[in-house]
Amino acid sequence: MATLPAPTDSSARVMRGLSEGPAVDKGEQRRELGVFLRSRRERIQPDEVGFAPGGRRRTPGLRREEVALLAGVGVTWYTWLEQGRDINVSAQVLEAVANTLRLDRQERNHLFTLAGLQFGPARGECAVLPASLQKTLDAVSPYPALVLNARYDILAFNEAYCRVVLDLREIPVEERNMLWVTFVSNEWRCNFVESESMKLHMVAGFRAAMADHVGEPAWQDLVARLLAGSKLFAELWERYEVAAPSTRIKVLENAKAGVLRIEPVNLWLSQLGQIRATVYTAADEATEAKLQALVSAT
């Protein structure tokens with residue numbers, strides 16, 4: 001079975017990750033910014049923004065000079081921005097670029113983060129997970145629940161999650177990463193219907209979160225191992241989509257209970273930084289009854 005190498009003391013690793021601020025590689029972050037801008041530029045067709053579609057184009061989508069014209073910025077400045085050069089970037093000018101590239105809110109957040117600018121409220125940090133958090137997860141049973149950080153490391157979970165979705169107790173602590181068990185490990189106990197779209201959204205959420213951690217060894221190592229271990233992850237990673245965690249209803253096939261329709265509720269633990277508790281509630285009465293039966297079974 002493939003393994004995800006990590007320090008043997010996982011709890012210490014988690015606490016260090018929460019207490020230490022991100023040591024972002026600014027050069028790598030600027031290069032990532034350039035890749036993101038180019039990917040968004042290439043998806044817009046010239047005729048969509050009033051340019052004639054004719055003429056020979058070496059790349060799909062808009063040219064750099066066309067983006068600069070529409071955004072009201074200098075061609076040289078925008079070219080340097082996309083090349084990842086160390087230049088001054090203001091929120092106002094970046095907003096103009098975002099409007100030109102038709103970025104949604106999540107993509108704007110990603111853009112501003114890569115540019116080193118604040119978009120929305122500042123995130124807090126905390127050194128450890130409070131002991132009361134596990135009590136909270138247990139209290140929401142029979143709903144499956146778990147706690148994830150921005151890197152999709154699984155920090156805590158309840159009994160209901162083990163019975164309904166995946167028995168995380170059987171998975172070594174160093175492999176408890178949602179991306180790893182989804183794309184590389186074979187430990188899933190039940191299958192999500194429409195899993196391809198779910199996996200695409202998961203990778204897009206991870207891509208968005210990584211903007212705050214570009215150049216950090218732990219993040220780079222995880223990406224490298226996922227790319228090496230999963231062709232599907234590599235394919236989805238190259239799409240360069242970004243997204244917020246999904247709240248749409250998910251359908252899964254449980255080996256004992258059959259079809260379950262569950263709706264995730266993401267509870268952001270602001271005092272802990274980039275950490276969220278996800279509770280999977282029943283989307284209908286039939287699922288409610290099945291969850292009760294699964295969790296109460298001895």
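Guide: Helices and strands are named here from DSSP runs, a helix being a run of H or I with at least four residues and a strand a run of E with at least two, both numbered from the N terminus. By that rule the protein chain has 13 helices and six strands, and Tyr-152 is placed in the loop between β1 and β2 (154-157). The model is predicted, with local features needing pLDDT of at least 70 and side-chain atom pairs counting only at pLDDT 80 or more, while totals for chains, interfaces and linings use all residues. Residues are numbered from 1 along each chain as its sequence is written, and side-chain values use heavy atoms, with hydrogens and water left out.

Visitor: Why does Tyr-152 count as buried?

Guide: Buried means a relative accessible area under 20%, exposed means over 50%, and partly exposed is in between, with a 1.4 Å probe and protein chains only. Tyr-152 stands at 6%, so it counts as buried.

Visitor: What makes the phi of Tyr-152 worth a remark?

Guide: Most residues other than glycine have a negative phi, and most peptide bonds are trans. Tyr-152 is a residue other than glycine, yet its phi is positive, near 70°. Arg-102 has a positive phi as well, near 55°, and sits in the loop between α5 and α6; its accessibility of 45% falls between the two cut-offs, so Arg-102 counts as partly exposed. As for peptide bonds, the one joining Ser-141 and Pro-142 is cis, with omega about 20°, and Pro-142 is found in the loop between α7 (132-139) and β1.

Visitor: Which residues make up a nonpolar core here, and what makes it one?

Guide: A nonpolar core is a set of buried Ala, Val, Leu, Ile, Met, Phe, Trp, Tyr and Cys residues joined through side-chain atoms within 4.5 Å. The largest such core has 43 residues, and those touching the most other members are Leu-146, Tyr-161, Met-178, Leu-179, Phe-183, Phe-206 and Phe-233. Helix α10 (residues 195-210) gives the largest share of this core, six residues, while a second, separate core of 27 residues includes Leu-62, Ile-87, Ala-208 and Val-214.

Visitor: Why is Tyr-161 called buried?

Guide: The relative accessible area of Tyr-161 is 2%, and because that value lies under the 20% cut-off, the residue is buried.

Visitor: How do you know that the span of α2 agrees with what a helix should have?

Guide: The expected span is 1.5 Å times one less than the number of residues. For the 16 residues of α2 (residues 26-41) this should be 22 Å, and the end C-alpha atoms are 22 Å apart, which agrees. The buried residues of α2, among them Leu-33, Phe-36 and Leu-37, pack against α3 (64-71), α4 (75-82), α5 (91-100), α6 (105-114) and α10.

Visitor: Why is Glu-288 called partly exposed, and with which residues is it in contact?

Guide: Its relative accessible area is 25%, a value between the cut-offs, so Glu-288 is partly exposed. Contact means heavy atoms within 4.5 Å, and, leaving aside neighbours within four places in sequence, Glu-288 is in contact with Pro-142, Tyr-143 and Ala-282. Glu-288 lies in helix α13 (residues 285-296).
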